[in-house]
Amino acid sequence: MVEAFYNWIIQFFEIEQSAFIYFVSIVAMILVIVLPLLIAVAFAVYFDRKIWAAVQMRRGPNVVGPFGLLQSFADGLKLFLKETIIPSGANKVIFLMAPMITFTLALIAWAVIPFGEGMAIANLNVGILYVLAMSSLGVYGIIMSGWASNSRYAFLGAMRSAAQMVSYEVSIGFVLVCVLMAVGSLNLSDVVLAQEGGILDWYIWPFFPIYVIFFISTLAETNRPPFDLPEAEAELVAGYQVEYSSMAFALFFLGEYANILLMSAVMAILFFGGWYAPIEALDFIPGWIWLLAKTAFGFWMISMVKAFVPRYRYDQLMRLGWKVFLPISLFLVVAYAGLLIAFDKLPS
């Protein structure tokens, strides 16, 4: 029956067998990455809450399921069953498109993340630019939601987010230039291959100042504390998503956590050796497990920052981005370029 259905599709669409097999393999690869990613996002919310609870010496989710493991799924079901309320003065089409755009961009950015040698949906030669572009486009979903909501609070939160993301994307761009000069390629797999050899060959050591700037800029780029000014509850009542409910709100939430996991994976690839084990004795563990472990470590650090760092004022946020990180990152680009030339380490 399966073979008959397969032959019918080939004849109906008049496609070659090899093209059909290629299409099916791509779809299967997408499902293999997207479905676990959605489950990972659900558990990321759970571990986020557990980490904050541990820091503040309380229990966190502990009722729904063993150890509260099903709490995120219960929250998702609750949002799914709620009614989607659209304000009477809102632009309904753009209002509903905004969370879809945010969530979709957060997912498709994972297409170039290599989980092992040759284990990526798209092994692009400009993979790092693709990730940066998808991350930058995420601001459109936020601006659209703020404008379409027809609310001053939402619009002000959207404008804050646009200014914040543009400010810190500049620093992230210069940070990436430093690493890419040492690698000589924009391909994420090449970045990992350049760190082969063990923990001492990881880029976290020579590029530690760059890593610090990248980590802090990641917090601002993903609207995480202490840079969650776009939705500062005290003054903006949840900012750009204040008018959203039900699954429209859930898509913003899922997109935010998918972006956090994405930037944690990018940090693991750029600075922690990607899928490589820290020592040769541990090479028997599959590479994708190492990448997931390093991504989890990055996520843990991001969660810890929220647990003990107070929120910045908006003027402090802008000052840090334009008056501190921008000149420092520019200086580091020049400094690392000079060091690479002086020690003849530029890739051929």
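User: Leaving aside neighbours within four places in sequence, which residues is Val41 in contact with?
Analyst: This is a predicted model. Val41 sits in helix α2, which covers residues 17-55. Once its neighbours within four places in sequence are set aside, the contacts of Val41 are Leu254, Tyr257, Ala258 and Leu261.

User: Is Val41 buried or exposed?
Analyst: Buried means under 20% relative accessible area. The relative accessibility of Val41 is 2%, so Val41 counts as buried.

User: How far apart in space are Val41 and Phe253, C-alpha to C-alpha?
Analyst: In sequence, Val41 and Phe253 are separated by 212 residues. In space, their C-alpha to C-alpha distance is 9.5 Å.

User: Among contacts between residues at least 6 apart in sequence, what percentage join residues at least 24 apart?
Analyst: The protein chain has 12 helices and 0 strands. Its contacts are counted here between residues at least 6 apart in sequence. Of these, the share that joins residues at least 24 apart is 75%.

User: What percentage of the residues in the protein chain is buried?
Analyst: The protein chain exposes about 17700 Å², and carbon and sulfur atoms supply 71% of that area. The chain has 348 residues, and the buried share of them is 48%.

User: Which element gives the largest share of the largest nonpolar core?
Analyst: The largest nonpolar core has 73 residues. Those that touch the most other members are Trp110, Ile113, Ile210, Phe214, Leu270 and Phe271. With 14 residues, the largest share of this core comes from α10.

User: Which residues does Phe271 touch, not counting those up to four places away in sequence?
Analyst: Phe271 is one of the core members that touch the most others. Leaving out residues up to four places away in sequence, Phe271 touches Val175, Val179, Gln195, Trp202, Tyr203, Ile204, Phe207, Ile210, Tyr211 and Phe214.

User: Which element gives the most to the lining of the largest cavity?
Analyst: The structure holds 3 cavities of 30 Å³ or more, and the largest has about 180 Å³ of space. Two elements give two or more residues to its lining, α5 (127-148) and α10 (246-271). The one that gives the most, with 5 residues, is α10.

User: Which lining residues lie nearest the centre of the largest cavity?
Analyst: The lining holds 14 residues. By class, it has 5 nonpolar, 7 polar and 2 charged residues. Nearest the centre lie Ile142, Glu221, Asn223, Glu256 and Asn259.

User: Which element supplies the largest share of the lining of the second largest cavity?
Analyst: The second largest cavity has a volume of about 80 Å³. Two or more residues of its lining come from each of α5, α6 (152-183), α8 (208-221) and α10. The largest share, 4 residues, comes from α5.

User: How many nonpolar residues are in the lining of the second largest cavity?
Analyst: Residues that line this cavity include Ile128, Val131, Leu132, Phe214 and Met263. Ser135, Glu169 and Glu221 also belong to the lining. The lining has 1 polar and 2 charged residues, and the nonpolar residues number 8.

Notes
Residues numbered from 1 in each chain as written. Predicted model: local features only at pLDDT ≥ 70, side-chain atom pairs only at ≥ 80, totals over all residues. Heavy atoms only, no water. Buried < 20%, exposed > 50% of the residue type's maximum accessible area, 1.4 Å probe, protein only. Contact = heavy atoms within 4.5 Å. Areas by Shrake-Rupley, 256 points an atom, 1.4 Å probe, with all protein chains shown as cover. 1 Å grid on protein atoms, 1.4 Å probe; cavity = no way out; pocket = protein on both sides within 12 Å on 5 of 7 lines; lining within 4 Å. Points joined across faces, edges and corners; volume = space filled by probe spheres on them. Nonpolar A, V, L, I, M, F, W, Y, C, P; charged D, E, K, R; others polar. Core = buried A, V, L, I, M, F, W, Y, C linked by side-chain atoms within 4.5 Å.
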